[in-house]
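The model comes first, then the notes.

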Amino acid sequence: MSSKRTYPRRVKTEAGEIEFRHMTAADEAAVLAFAKKLPVHDLLFIPRDISNPKVLAAWIKEMERGGLTSLLAVKGSEVVGCGTIVRDELSWSPHVGEIRMVVSKDVRGTGVGRSLSQEIFALALEMGLEKIVAQMTVDQRGAIALFESLGFKAEALLRGQVKDKTGKTYDIVVLGHNVAQVRAQLEAYGVPAAVS
Ligand SMILES: CC(C)(COP(=O)(O)OP(=O)(O)OC[C@H]1O[C@@H](n2cnc3c(N)ncnc32)[C@H](O)[C@@H]1OP(=O)(O)O)[C@@H](O)C(=O)NCCC(=O)NCCS
């Protein structure tokens, strides 16, 4: 997956300066430490448990193969957030990308999630994706509000779709954003030409 966006990029948040950069294999230990600190409940929206070293190793392999792109939010030398775009070009949905993001509890509510979501959304647009989806447990009110503010709308509710280690099940909401339609509307209004 290629993009013209250049990294690292720095943003100011209430948690201080945060650097966004691409994740690489060298980040494995730092990302594992980040994932292990997250409450399990905050990981249920990802199909596999990324706090498991085997899952993380598979993630890095897939990243190196080009099947997904991950951005890290780094504060000092600590990973405080991660955003990923997953796209399967060999599937029947090569035009669809899924955004997955999570921010460390220590910096939540300080604007890191908003900045990371904007960055990852911009990256997804640059990749030429026509539709972007995101999914989360229905009780992640902050995440739903964040994605809705980017223009995502609820498309599906999957009842009892995920189960935590105690056996409790949770519903998943799937949000979607038809970016191709929005882009076409902007072009019809002449907006890209006006702002370029
Ligand atoms: C979603 C998540 C990344 C947001 O991270 P964050 O760093 O706390 O985000 P921010 O501080 O930038 O806040 C984002 C917005 O959500 C709003 N928000 C936060 N909690 C909220 C809540 N409970 N209800 C409504 N809005 C809420 C904030 O007011 C803010 O809006 P603003 O920018 O207009 O002020 C974080 O909550 C998280 O990691 N959740 C668990 C994982 C998850 O469910 N990810 C989504 C799957 S893709």
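A pocket is an open set of points on a 1 Å grid over the protein atoms alone, with protein on both sides within 12 Å along at least five of seven lines. A molecule sits in a pocket if more than half of its atoms lie within 2 Å of its grid points. The ligand sits in the largest pocket.

This is a predicted model, in which local features need pLDDT of at least 70, side-chain atom pairs count only at pLDDT 80 or more, and totals for chains, interfaces and linings use all residues. Residues are numbered from 1 along each chain as its sequence is written, and side-chain values use heavy atoms, leaving out hydrogens and water.

**Ligand shell**
- The ligand is surrounded by 23 residues (a heavy atom within 4 Å), and the closest include Met101, Val103 and Gly109.
- Helix α4 (141-149) is one of the elements that supply at least two shell residues each; α4 gives the most, with six.

**Polar atoms at the ligand**
- A backbone N or O atom of Met101 lies 2.8 Å from a ligand nitrogen atom.
- A polar side-chain atom of Arg114 lies 2.4 Å from an oxygen atom of the ligand.
- The protein covers 70% of the 960 Å² of accessible area that the ligand has on its own (Shrake-Rupley method, 1.4 Å probe).

**Ser70**
- Ser70 lies in strand β3 (residues 68-75), strands being DSSP runs of E of at least two residues and helices runs of H or I of at least four.
- Ser70 has a relative accessible area of 1%, so it counts as buried (under 20%, 1.4 Å probe, protein chains only).

Definitions and conventions
Buried means under 20% relative accessible area, exposed over 50%, partly exposed in between (1.4 Å probe, protein chains only). A polar contact is a pair of N or O atoms within 3.5 Å; within protein, one must be able to donate a hydrogen and the other to accept it, and residues adjacent in sequence count only if both atoms are side-chain atoms. On a 1 Å grid over the protein atoms alone, a cavity is a set of points where a 1.4 Å probe fits but cannot get out, and a pocket is an open set with protein on both sides within 12 Å along at least five of seven lines; lining residues have an atom within 4 Å of a point.
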